[in-house]
Amino acid sequence: MINTGMLKFKNIDDKYGHLTPIESRNDIPFEIKRVYYITKVEAGVTRGFHSHRKLHQVLVCLNGTVKIRLKNPDEEEVVELNDPSKGLYIGPYIWREMFDFSEGSVLLVLASEFYDENDYIRNYDFYLEEAKKRF
Ligand code: TYD
(Lines give C-alpha, C1' and ligand atoms only; values in the text may rest on other atoms or scores of the structure.)
Protein backbone atom coordinates (compact mmCIF):
# COMPACT_ATOMS: atom_id res chain seq x y z
CA MET A 1 0.00 0.00 0.00
CA ILE A 2 1.15 3.54 -0.74
CA ASN A 3 3.06 5.16 2.18
CA THR A 4 3.55 1.81 3.92
CA GLY A 5 6.06 -1.04 3.69
CA MET A 6 7.85 -3.83 5.53
CA LEU A 7 11.44 -3.31 6.67
CA LYS A 8 13.81 -6.18 7.44
CA PHE A 9 16.41 -5.50 10.10
CA LYS A 10 19.68 -7.26 10.76
CA ASN A 11 19.35 -10.48 12.72
CA ILE A 12 22.19 -11.58 14.97
CA ASP A 13 21.23 -15.01 16.22
CA ASP A 14 23.57 -17.22 18.13
CA LYS A 15 23.46 -19.69 20.98
CA TYR A 16 23.20 -16.77 23.40
CA GLY A 17 19.94 -15.49 21.86
CA HIS A 18 18.68 -13.00 19.34
CA LEU A 19 19.83 -9.42 18.78
CA THR A 20 18.40 -6.86 16.34
CA PRO A 21 20.07 -3.46 15.97
CA ILE A 22 18.09 -0.50 14.56
CA GLU A 23 20.02 2.61 13.60
CA SER A 24 18.31 5.93 12.92
CA ARG A 25 18.35 6.71 9.16
CA ASN A 26 20.47 3.62 8.35
CA ASP A 27 17.78 1.05 9.08
CA ILE A 28 14.66 3.21 8.97
CA PRO A 29 13.85 6.04 6.54
CA PHE A 30 13.86 8.91 9.07
CA GLU A 31 15.55 10.32 12.16
CA ILE A 32 14.06 8.77 15.30
CA LYS A 33 12.85 11.51 17.66
CA ARG A 34 10.55 9.45 19.86
CA VAL A 35 10.10 5.88 20.98
CA TYR A 36 7.10 4.40 22.74
CA TYR A 37 5.77 0.93 23.37
CA ILE A 38 2.38 -0.60 23.94
CA THR A 39 1.98 -3.47 26.39
CA LYS A 40 -0.74 -5.17 28.45
CA VAL A 41 -3.46 -4.77 25.83
CA GLU A 42 -6.37 -6.96 26.85
CA ALA A 43 -7.99 -9.45 24.49
CA GLY A 44 -10.56 -7.89 22.19
CA VAL A 45 -9.18 -4.36 22.43
CA THR A 46 -8.57 -2.34 19.24
CA ARG A 47 -6.38 0.78 19.39
CA GLY A 48 -5.36 3.41 16.89
CA PHE A 49 -8.31 4.67 14.80
CA HIS A 50 -6.33 7.62 13.47
CA SER A 51 -3.90 8.83 10.84
CA HIS A 52 -1.16 11.42 11.04
CA ARG A 53 -0.56 14.45 8.85
CA LYS A 54 3.25 14.52 8.96
CA LEU A 55 4.44 11.73 11.21
CA HIS A 56 6.42 8.74 9.95
CA GLN A 57 6.44 5.66 12.16
CA VAL A 58 7.88 2.15 12.23
CA LEU A 59 6.08 -0.52 14.29
CA VAL A 60 7.99 -3.54 15.58
CA CYS A 61 6.35 -6.35 17.52
CA LEU A 62 9.07 -7.32 20.01
CA ASN A 63 7.13 -10.18 21.57
CA GLY A 64 3.98 -12.05 20.62
CA THR A 65 1.77 -11.01 17.72
CA VAL A 66 -0.43 -8.08 16.78
CA LYS A 67 -2.44 -7.23 13.66
CA ILE A 68 -2.47 -3.83 12.02
CA ARG A 69 -5.31 -2.75 9.73
CA LEU A 70 -4.11 -0.14 7.24
CA LYS A 71 -6.49 1.96 5.18
CA ASN A 72 -6.37 4.68 2.59
CA PRO A 73 -9.41 5.96 0.66
CA ASP A 74 -9.02 3.20 -1.96
CA GLU A 75 -7.50 0.21 -0.17
CA GLU A 76 -7.52 -1.78 3.04
CA GLU A 77 -4.96 -4.33 4.21
CA VAL A 78 -4.21 -6.30 7.39
CA VAL A 79 -0.59 -6.99 8.33
CA GLU A 80 0.36 -9.38 11.12
CA LEU A 81 3.51 -8.49 13.03
CA ASN A 82 5.16 -11.44 14.78
CA ASP A 83 8.89 -11.04 14.12
CA PRO A 84 11.12 -8.64 16.12
CA SER A 85 13.47 -8.32 13.14
CA LYS A 86 10.77 -6.82 10.90
CA GLY A 87 9.23 -3.35 11.03
CA LEU A 88 6.08 -1.93 9.46
CA TYR A 89 6.63 1.55 8.08
CA ILE A 90 3.53 3.80 8.13
CA GLY A 91 3.75 7.25 6.58
CA PRO A 92 1.40 10.26 6.50
CA TYR A 93 -2.32 9.96 5.75
CA ILE A 94 -2.61 6.22 6.39
CA TRP A 95 -5.42 5.19 8.73
CA ARG A 96 -4.35 2.49 11.23
CA GLU A 97 -6.05 0.21 13.73
CA MET A 98 -4.15 -2.24 15.94
CA PHE A 99 -5.95 -5.37 17.19
CA ASP A 100 -5.58 -9.04 18.18
CA PHE A 101 -2.72 -8.31 20.57
CA SER A 102 -1.59 -11.68 21.94
CA GLU A 103 -1.09 -12.02 25.70
CA GLY A 104 2.28 -10.54 26.68
CA SER A 105 2.77 -8.85 23.32
CA VAL A 106 4.98 -5.78 23.13
CA LEU A 107 4.58 -3.29 20.27
CA LEU A 108 7.47 -0.87 19.85
CA VAL A 109 6.90 2.31 17.84
CA LEU A 110 9.70 4.48 16.42
CA ALA A 111 8.51 7.94 15.42
CA SER A 112 9.95 10.82 13.40
CA GLU A 113 8.55 13.64 15.59
CA PHE A 114 7.80 14.43 19.21
CA TYR A 115 4.22 13.84 20.33
CA ASP A 116 1.83 16.43 18.86
CA GLU A 117 -1.91 15.93 19.15
CA ASN A 118 -2.43 18.46 16.31
CA ASP A 119 -0.78 16.01 13.91
CA TYR A 120 -3.55 13.44 14.51
CA ILE A 121 -6.69 12.98 12.42
CA ARG A 122 -9.05 10.97 14.60
CA ASN A 123 -12.32 11.39 12.69
CA TYR A 124 -12.61 8.81 9.89
CA ASP A 125 -14.91 10.85 7.63
CA PHE A 126 -12.59 13.86 7.91
CA TYR A 127 -9.63 11.54 7.25
CA LEU A 128 -11.25 10.30 4.01
CA GLU A 129 -11.82 13.89 2.83
CA GLU A 130 -8.24 14.93 3.58
CA ALA A 131 -6.60 11.75 2.25
CA LYS A 132 -8.57 11.90 -1.03
CA LYS A 133 -6.94 15.27 -1.71
CA ARG A 134 -3.51 13.65 -1.40
CA PHE A 135 -3.74 10.23 -3.06
P1 TYD B 1 -2.76 7.24 20.88
O2 TYD B 1 -1.69 7.65 19.92
O3 TYD B 1 -4.17 7.64 20.55
O4 TYD B 1 -2.71 5.65 21.09
P5 TYD B 1 -3.17 4.46 20.11
O6 TYD B 1 -3.17 4.96 18.71
O7 TYD B 1 -2.16 3.38 20.35
O8 TYD B 1 -4.53 4.02 20.54
O9 TYD B 1 -2.36 7.76 22.32
C10 TYD B 1 -3.07 7.38 23.48
C11 TYD B 1 -2.88 8.45 24.53
O12 TYD B 1 -1.51 8.58 24.87
C13 TYD B 1 -3.35 9.83 24.06
O14 TYD B 1 -3.98 10.46 25.16
C15 TYD B 1 -2.07 10.57 23.73
C16 TYD B 1 -1.05 9.93 24.64
N17 TYD B 1 0.29 9.87 24.03
C18 TYD B 1 1.31 10.68 24.53
O19 TYD B 1 1.12 11.46 25.49
N20 TYD B 1 2.54 10.61 23.96
C21 TYD B 1 2.81 9.79 22.92
O22 TYD B 1 3.96 9.75 22.41
C23 TYD B 1 1.75 8.96 22.40
C24 TYD B 1 1.97 8.05 21.24
C25 TYD B 1 0.51 9.04 22.99
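This is a predicted model: local features need pLDDT of at least 70, side-chain atom pairs count only at pLDDT 80 or more; totals for chains, interfaces and linings use all residues.

Me: What makes strand 6 and strand 9 a pair?

Reply: Two strands pair if DSSP finds at least two bridges between them. Strand 6 (residues 57–63) and strand 9 (residues 86–90) have three bridges, in the antiparallel sense, so they count as a pair by that rule. Within this pairing, Leu59 stands opposite Leu88 in strand 9.

Me: Where do those two sit in the open sheet, and what is the strand order?

Reply: The order is 1-9-6-11-4, five strands with antiparallel pairing.

Me: Why are strand 1 and strand 4 called edge strands?

Reply: Strand 1 (4–8) and strand 4 (34–38) each pair on one side only. From strand to strand, the sheet's twist averages 25 degrees.

Me: How do you know that the radius of gyration agrees with a compact globule?

Reply: The rule is 2.2 Å times the number of residues to the power 0.38. For 135 residues a compact globule would come out near 14 Å, and the protein chain has 15 Å, so the two agree. The C-alpha trace spans about 50 × 35 × 25 Å along its principal axes.

Me: What does "buried" mean in the 39% figure?

Reply: Buried means under 20% relative accessible area, and 39% of the 135 residues count as such.

Methods
Residues are numbered from 1 along each chain as its sequence is written. Side-chain values use heavy atoms; hydrogens and water are left out. Helices (H or I, at least four residues) and strands (E, at least two) are DSSP runs, numbered from the N terminus. Axes are lines fitted to C-alpha atoms, for helices over the stretch in contact, and angles run from 0 to 180 degrees between N-to-C directions. Buried means under 20% relative accessible area, exposed over 50%, partly exposed in between (1.4 Å probe, protein chains only).
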